[in-house]
Amino acid sequence: MTIHCDGKTSYGSYRKAMQDMRLIRSKSKKSEVPVRTYKCGLCGNWHLTSSQDSFKESAERKISKKHLY
Ligand SMILES: [Zn+2]
């Protein structure tokens, strides 16, 4: 059931992704842990992202917002 997209774990729903993110965050002692989830445009599933990715995604969100106007 799990599809790997770009080496990331995929989740079929936002809820599952959030559950796993909380689990990883509570267990992991690494500095880089997933901070939020996002829906992938490639596979249509949900992935977890670290803070480093969030900058890129917020920039993409700005662009898509422009297209709406
Ligand atoms: Zn994907």
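Analyst: Let's start at a turn: in the hairpin of strand 3 and strand 4, with 6 residues between the strands, G44 takes a positive phi near 80°. Helices and strands here are DSSP runs numbered from the N terminus, with helices (H or I) of at least four residues and strands (E) of at least two. Residues are numbered from 1 along each chain as its sequence is written. This is a predicted model, so local features need pLDDT of at least 70 and side-chain atom pairs count only at pLDDT 80 or more, while totals for chains, interfaces and linings use all residues.

User: How are strand 3 and strand 4 paired, and over how many bridges?

Analyst: Two strands pair if DSSP finds at least two bridges between them. Here strand 3 and strand 4 run in the antiparallel sense, with 4 bridges. T37 has L48 of strand 4 as its bridge partner, and K39 stands opposite W46 in strand 4.

User: Which residues of strand 4 are on its covered face, and which on its uncovered one?

Analyst: In a regular strand the side chains alternate between the two faces of the sheet. For strand 4 (residues 46-49), W46 and L48 make up the covered face, and H47 and T49 the uncovered one.

User: Is W46 buried or exposed?

Analyst: The general idea is a neighbour count: a residue is buried if 20 or more other C-beta atoms lie within 10 Å of its own, exposed if 12 or fewer, and partly exposed in between, with C-beta atoms placed from the backbone. W46 counts as buried because it has 23 C-beta neighbours inside 10 Å.

User: What is W46 in contact with, leaving aside neighbours within four places in sequence?

Analyst: A contact means that two C-beta atoms, placed from the backbone, lie within 7 Å. On that basis, W46 is in contact with S10, Y11, S13, Y14, A17, T37, Y38, K39 and C40. Take S10: it is 36 residues from W46 in sequence, yet the C-alpha to C-alpha distance is 5.5 Å. For the protein, residues 24 or more positions apart account for 36% of the contacts with a separation of 6 or more.

User: Where is P34, and what does it touch?

Analyst: P34 sits in the loop between helix 1 and strand 3 (36-39). P34 counts as buried because 21 C-beta neighbours lie inside 10 Å. Not counting residues up to four places away in sequence, P34 touches M21, I24, R25, L48, T49 and S50. From P34 to T49 is 15 residues in sequence and 4.9 Å in space, C-alpha to C-alpha.

User: What pattern does the protein follow along the sequence?

Analyst: Read in order, the pattern is β-β-α-β-β-α, and the totals are 2 helices and 4 strands. Of the 69 residues, 9% count as buried.
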